[in-house]
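Let's walk through this one together, starting with its aromatic rings and moving on to its charged side chains. Keep the viewer open as you read.

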Amino acid sequence: LNAEFDEFMPEPGIDFSGNTIEHSPELTFTTLARYDRPFETFTGFVQADARYQSRVYFGAENEETQSQDSYWLAGARLGLTSPDERYEAALWVKNLFDEEYAMEGSSNAALGFNTAVVGDRRTFGITLTGRF
């Protein structure tokens, strides 16, 4: 993705032409691998996923203080599925390596600080699924 402003002058004297459009990474990559192992009364599975995102800016100004460097997120899932695939029980973890990253940011330069909305830290749980 090469998302940038051809021309963008929000007001006289301010020119953001050529800047990267906010929340537009140059590169994203997602992958998932899953292994299923059938047993007599159920199927077991193990799954791993990963996601990469290059730097994003949170504003048209493209300020370094209002951006997020590139980062990787990984997850895993381990579970059992019934033979008819109607029922599933799984243990899962997201953000496996507890990566710290920002999803949004804003500048409060007049007050002398910046703010950020951070992404979810490592989370884990159990999911029970029934399909009808």
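**Rings, charges and bridges**

The count comes to six aromatic pairs, where rings of Phe, Tyr and Trp (its six-membered ring) pair if their centres lie within 6.5 Å, and planes under 30 degrees apart count as stacked, over 60 as edge-to-face and the rest as tilted. One of them is the tilted pair of Phe8 and Phe16, at 5.7 Å centre to centre and 55 degrees between the planes. This is a predicted model, in which local features need pLDDT of at least 70 and side-chain atom pairs count only at pLDDT 80 or more, while totals for chains, interfaces and linings use all residues. Residues are numbered from 1 along each chain as its sequence is written, and side-chain values use heavy atoms, leaving out hydrogens and water.

Phe16 is buried at 14% relative accessibility, whereas Phe8 is partly exposed at 28%; buried means under 20% relative accessible area, exposed over 50%, and partly exposed in between (1.4 Å probe, protein chains only). Ring pairs also bring in Phe5, linking Phe5, Phe8 and Phe16 into a cluster.

Now turn to Phe29 and Trp72. Their ring centres are 6.2 Å apart with the planes at 75 degrees, so this pair is edge-to-face. Because Phe29 lies in strand E1 (residues 28-38) and Trp72 in strand E5 (residues 71-81), the pair ties together parts 43 residues apart in sequence; strands (E, at least two residues) are DSSP runs, numbered from the N terminus.

Beyond its neighbours within four places in sequence, Thr81 is in contact (heavy atoms within 4.5 Å) with residues including Arg34, Phe45 and Glu88.

What does Glu88 meet in a salt bridge? Its partner is Arg77, at 3.1 Å, N to O; a salt bridge is a side-chain nitrogen of Lys or Arg within 4 Å of a carboxyl oxygen of Asp or Glu. Arg77 lies in strand E5 and Glu88 in strand E6 (residues 87-94), so the bridge ties together parts eleven residues apart in sequence. Glu88 is buried at 11%, while Arg77 is partly exposed at 22%.

Salt bridges that share partners also join Arg55, Glu64 and Asp69 into one network. Here Arg55 meets Glu64 at 3.3 Å, N to O, and Asp69 with closest N and O atoms 2.3 Å apart.

Conventions:
Helix = DSSP H or I, 4+ residues; strand = E, 2+ residues; numbered from the N terminus.
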